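Got your viewer open and your selection tool ready? Load the model below and we'll walk through it stop by stop.

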Amino acid sequence: LSLIETQVQKEPNRIALSFYDPSSTKDSIYTFKELWNLAQTFSNNLLSKLEPAVFSSELEDDPERIVKIGILVDEGPYLPILELSLLMSRLVLVPLEPTDPRLHLLINEARPSLLIIKDKEEVPTLCNHFYQPPSQSKTQFSPIPIIKVNTLSATSTKSLEHV
């Protein structure tokens, strides 16, 4: 994280991320400054979407508890930006493959606090049945919140709409 921050300060206009998208007529190119700003926006928006209980009562009981974020996003510029934003937020990345037949098992085992997806269509119907560990009782379950990745870049100066 500090290496990227150093590059942002030293050479903010140097290309940090370039992604060729065969379905688009132009490449996605991001400078270190744009990458950093997008990751900060993602980080702030992500933290605002997490339930307060994730950071308050649960962490008070166990300060070593890690907050895991499941990511169902394919290759492209979203992935490195999400990875950087999770580092900034001090959250743990749980990379998941939408087409994996064991997806429900992986999610139930990892027990992420939140799932980030690119498109609603990528998530199988059974995603509505994933559960996270309950905060009060072992027999009470609640659905894992699911958000689309483009909602994290809503207030960003450089959009990822073409992705």
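**The whole chain**

Start zoomed out: residues 24 or more positions apart make up 67% of the contacts in the protein with a separation of 6 or more, a contact being heavy atoms within 4.5 Å. This is a predicted model, where local features need pLDDT of at least 70 and side-chain atom pairs count only at pLDDT 80 or more, while totals for chains, interfaces and linings use all residues. Residues are numbered from 1 along each chain as its sequence is written, and side-chain values use heavy atoms, with hydrogens and water left out.

Switch to cartoon and you'll find six helices and eight strands, in the order α-β-β-α-α-α-β-α-β-α-β-β-β-β. These are DSSP runs numbered from the N terminus, helices (H or I) of at least four residues and strands (E) of at least two. Of the 163 residues, 36% count as buried, meaning under 20% relative accessible area with a 1.4 Å probe, protein chains only.

**Select H2 and H5**

Now pick helix H2 (residues 32–49) and helix H5 (residues 78–89): their axes come within 8 Å and cross at roughly 60 degrees. The axes are lines fitted to C-alpha atoms over the stretch in contact, with angles running from 0 to 180 degrees between N-to-C directions. The crossing of H2 and H5 is right-handed, that is, the near helix is turned clockwise from the far one by less than a right angle.

Show side chains. On the H2 side, look for Leu35, Trp36 and Phe42, among others; they face a set in H5 that includes Tyr78, Ile81 and Leu82. The residues of this contact split into 13 nonpolar, four polar and no charged. Here Ala, Val, Leu, Ile, Met, Phe, Trp, Tyr, Cys and Pro count as nonpolar, Asp, Glu, Lys and Arg as charged, and the others, Gly among them, as polar.

Stay on H5. Its buried residues are Tyr78, Ile81, Leu82, Leu84, Ser85, Leu86 and Ser89, and they pack against helix H1 (2–10), strand E1 (15–19), H2, E3, strand E4 (92–95) and E5.

**Into the core**

Which residues touch the most other members of the largest nonpolar core? Select Phe42, Leu46, Ile69, Leu82, Ile116 and Leu152, out of 26 residues in that core. A nonpolar core is a set of buried Ala, Val, Leu, Ile, Met, Phe, Trp, Tyr and Cys residues joined through side-chain atoms within 4.5 Å. H2, strand E3 (68–72), H5 and strand E5 (114–117) each supply at least two residues of this core, and H2 gives the most, with seven. A second, separate core has nine residues, including Val94, Leu96, Leu115 and Ile144.

Centre on Leu82: not counting residues up to four places away in sequence, its contacts are Phe42, Ile71, Val73, Ile116, Val149 and Leu152.

**Two last stops**

Hop to Val149, in the segment after strand E8 (146–148). Val149 is buried, with a relative accessible area of 1%, and its C-alpha lies 9.4 Å from that of Leu46, 103 residues away in sequence.

Finish at Asp21, in the loop between E1 and strand E2 (28–31). Is Asp21 buried or exposed? Asp21 is buried, at 14% relative accessible area.

Conventions
Buried < 20%, exposed > 50% of the residue type's maximum accessible area, 1.4 Å probe, protein only.
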